[in-house]
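The definitions are given where each term comes up.

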Amino acid sequence: MDTSSHLLFGVTLAGLAMIDPVIAGTDGAAAAMMAASLVGNNAPDFDGVMRVKGKAAYLRNHRGWTHALPVLPLWALIIGLPAAYLAGAEGAAWHIAGWTLAAVCLHVLLDLLNAYGVQCLRPMTKKWFHLDVISLFDPLLFSLHSAGALLWAAGIFEPGPMFAAIYGISIGYVLLKFYYKHQAAGLLKKQGIPTDGLTMIPGLFGRYWQFASENHQAFKLGTIQGSRVIVEAELPKQEPGHQLHPVIQATMSTDGVRSFLNFADRYQVEWKEREEGYEVTWSDIRFWYNHKMPFQAAVRLDRNLNVLDERIGWYKKSWEPPHV
């Protein structure tokens, strides 16, 4: 999810931790838990430091090792235990570390639920896993947890029971989204649209999804709005064994394209002749929206196929679909 949502869930998980009698009954433990939960719920995104090496390096590393399952207990130990000792809550140190592990795992779970996904099974595999259920920013979850945080701050309700209810509602909401996704996939099947290689990106509200499906010949792209399936485009696939044009091949060793191919499993590549040479654009088909593919790696070449410049990233406003 986005940074603001992770911060908010850090606050509300600290409130939920108040159901633990050791944390609730130990001096300094509440403050330590708040600090550890806030940091823990954002720790996997510390890979953002790779931005200093450029977008390609950041995209190649984001949601990778820092989100991997073997690393999560380490985050809990290096955040939770020092927080407890610095707050003078040594008696609750391992309880705080346990809740910090919950905060770190929650971060990865929330990222797993959207269409961008995570490489959570490193080092066993570099495969990206994504469940395509909630958006990067989910208005309902954000509103629900914001309301809980405000009620806690106002002292209206005890945090433990209140946040237990809020997290229960949140789990029910996510399960409902899974059900809606299953229903939407069923609608595609009824129309003969393959669902084996299917990506579905949820909208911000309601039962709205955009989908990218494929068979041996083509990609089918469109939207599902309630019970309506709208196929908006069909892109032909390259034949197996098809040789890439030399202009395209010349871009495959660039940092941006290598990072792009590390992330995108379904893509379209095009090249155009320009005054100074050529421009090659690699586009991720999964994020197709409104006849555009906003996640791209683009490389400019001279007439001798030398790289002039390259860029990679999103070519859309942050508030525009797709919300990943």
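**Notes on the model**

1. Thr-254 sits in the loop that joins helix H9 (246-249) to H10. Helices (H or I, at least four residues) and strands (E, at least two) are DSSP runs numbered from the N terminus. This is a predicted model, in which local features need pLDDT of at least 70 and side-chain atom pairs count only at pLDDT 80 or more, while totals for chains, interfaces and linings use all residues. Residues are numbered from 1 along each chain as its sequence is written, and side-chain values use heavy atoms, with hydrogens and water left out.

2. Thr-254 has a relative accessible area of 6% and is therefore buried. The classes are buried under 20% relative accessible area, exposed over 50% and partly exposed in between, with a 1.4 Å probe and protein chains only. Beyond its neighbours within four places in sequence, Thr-254 is in contact with Val-299, Val-307 and Glu-310; contact means heavy atoms within 4.5 Å.

3. Four strands make an open sheet in the order E5-E6-E7-E8, with antiparallel pairing. Its edge strands, E5 (267-273) and E8 (307-314), each pair on one side only. On average, neighbouring strands in this sheet are turned by 10° against each other, direction ignored. Two strands pair if DSSP finds at least two bridges between them.

4. Helix H10 (residues 255-263) lies across E5, strand E6 (277-284), E7 and E8, and runs at about 150° to E7. For such angles, axes are lines fitted to C-alpha atoms (for helices over the stretch in contact), and values run from 0 to 180 degrees between N-to-C directions.

5. E5 and E6 form a hairpin with three residues between them, and their antiparallel pairing has seven bridges. In this pair, Val-269 stands opposite Trp-282 in E6. E6 is mostly covered, with eight of its eight residues buried.

6. E6 also pairs with E7 in the antiparallel sense, over seven bridges; here Glu-279 has Arg-300 in E7 as its bridge partner. Strand E7 (residues 295-302) is joined to E8 by seven bridges, again antiparallel. Phe-295 has Trp-314 in E8 as its bridge partner.

7. Lys-272 belongs to strand E5. Is Lys-272 buried or partly exposed? Lys-272 is at 48% relative accessibility, so it counts as partly exposed. Not counting residues up to four places away in sequence, Lys-272 touches Gly-277, Tyr-278 and Glu-279. The C-alpha atoms of Lys-272 and Arg-300 are 9.6 Å apart, with a sequence separation of 28 residues.

8. The structure holds zero disulfides, a disulfide being a pair of cysteine sulfur atoms within 2.5 Å. Cys-105 counts as partly exposed because its relative accessibility is 33%, whereas Cys-120 is buried, with a relative accessible area of 9%.

9. One cavity of 30 Å³ or more is found in a search of the whole structure. On a 1 Å grid over the protein atoms alone, a cavity is a set of points where a 1.4 Å probe fits but cannot get out, and lining residues have an atom within 4 Å of a point. Grid points are joined across faces, edges and corners, and a volume is the space filled by probe spheres set on the points.

10. The largest cavity holds about 40 Å³ of space. Its lining residues are Tyr-180, Gln-183, Ala-184, Arg-207, Trp-209, Ile-224 and Gly-226. Helix H8 (residues 159-190) gives the largest share of that lining, three residues.

How values were computed:
On a 1 Å grid over the protein atoms alone, a cavity is a set of points where a 1.4 Å probe fits but cannot get out, and a pocket is an open set with protein on both sides within 12 Å along at least five of seven lines; lining residues have an atom within 4 Å of a point.
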